[in-house]
Amino acid sequence: MATLAAKPIQAVRYDSYGGGAAALKHVEVPIPTPKRNEILVKLEALALNPFDWKIQKGVVRPIYPRKFPHIPGTDVAGEVVEVGQGVSKFKAGDKVVATVSHATGGGLAEFVVTGESLTVARPPEVSAAEAAGLPIAGLTAHQALTQGAGIKLDGTGKEANILVTAASGGVGHYAVQLAKLGNTHVTATCGARNIEFVKSLGADEVLDYKTPEGAALKSPSGRKYDAVIHCTTGIPWSTFEPNLSKNGKVIDLTPGPAAFLTSALKKITFSSKKLVPLFVTPKSENLEYLVNLVKEGKLKTVIDSKHPLSKAEDAWAKSIDGHATGKIVVEP
Ligand SMILES: NC(=O)c1ccc[n+]([C@@H]2O[C@H](COP(=O)([O-])OP(=O)(O)OC[C@H]3O[C@@H](n4cnc5c(N)ncnc54)[C@H](OP(=O)(O)O)[C@@H]3O)[C@@H](O)[C@H]2O)c1
């Protein structure tokens, strides 16, 4: 470690809110030091999530980031190089995947510190890029389906009709695949160019969101949805409502003020149809479950594009653009 510690590392950071991709700066910083329950990981791949650039935009100010300058990025895969004194599960040389706190970030760098509690082992069958895609996007899809929609992913539950909006995106592409592990019929929305792709993920029927039927979210087979895993924005409750089954729920991953109002209204009026805002709570056992599914070939991470750390701003701009098919990955 002595030689490592002496050498600065490459990182990408921003100094204030706003500015998008143009505000990212390439800098040299000291290698971070893991505290007691932390792990120093040599980065092999990082996957971006829209929340990364939304934090830069200031949507959750003043909660995140905790301070400036901020090295963004949370979903990382790499090799353990050093562990804190309290770490028992990992040692130098282990391959891992982790999600770090949005408060501290640190992922867009050659080395990143992760917490032991949200770091899991990565088997050789799962590449760094495939693993890095999983934490926030995969765990959100998993939580929305299991906790939000009550789907049993071992297929033992009663049949449910699920709609996944923006099924071609980071969360949506995992949601379609995970939903099909349960006893579900999946309708999905995406752009015309991704219809065959979304079918290949297992969706039973696919709607082009730019057509009138797609915009109306109408199931081509006339199904009413027991749950909607809502991965895009800008669709009012009045569009969802007629498409829901009697006890249908919309699990909204990007709830704005209108969604919170609708959610509260549905609660106080004892409506059987509900809108449920959902924020992911990452859990290592669920991340292990997803990594294992990838290892077994039951879940795949589709990579939209890979960008070198030296061009991280291109990856950032691509995510802001909102047209990724699967996950955007940055590699050192
Ligand atoms: N609550 C949470 O804890 C949580 C966690 C993770 C993510 N999120 C949120 O969930 C949302 C989705 O995240 P993500 O990572 O999946 O985003 P993403 O990968 O950037 O999504 C991009 C995809 O969305 C598609 N799309 C855009 N508008 C659409 C529409 N109206 N109908 C159908 N498809 C549409 C795009 O297709 P085209 O290119 O064809 O337009 C593209 O393939 C984001 O708002 C994110 O912030 C929330």
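**Reading contacts and buried faces**

User: Which residues is Ala175 in contact with, leaving aside its neighbours within four places in sequence?

Analyst: Two residues are in contact if their C-beta atoms, placed from the backbone, lie within 7 Å, and on that basis Ala175 is in contact with Ala141, Ala144, Leu145, Val164, Ala167, Ile229 and Cys231. The model is predicted, with local features needing pLDDT of at least 70 and side-chain atom pairs pLDDT 80 or more, whereas totals for chains, interfaces and linings use all residues. Residues are numbered from 1 along each chain as its sequence is written.

User: How many residues does the largest nonpolar core have?

Analyst: The largest nonpolar core has 92 residues, and Val164, Ala175 and Ile229 are those with the most contacts inside it.

User: Which residues of helix α11 are buried?

Analyst: A residue is buried if 20 or more other C-beta atoms lie within 10 Å of its own. In α11, which spans residues 312-321, Ala312, Ala315, Trp316 and Ser319 are buried, and because these four cover an arc of only 100° around the axis, they lie on the same side of α11.

User: What covers that buried set, and what follows the helix?

Analyst: The cover over the buried residues of α11 includes β1 (9-13), α2, β14 (303-308) and β15 (327-331). After α11 comes Gly322, which has a positive phi, near 80°.

Definitions and conventions. A nonpolar core is a set of buried Ala, Val, Leu, Ile, Met, Phe, Trp, Tyr and Cys residues joined through C-beta atoms within 7 Å. A residue is buried if 20 or more other C-beta atoms lie within 10 Å of its own, exposed if 12 or fewer, and partly exposed in between; C-beta atoms are placed from the backbone. Helices (H or I, at least four residues) and strands (E, at least two) are DSSP runs, numbered from the N terminus. The arc is that of the directions from the helix axis to the C-beta atoms.
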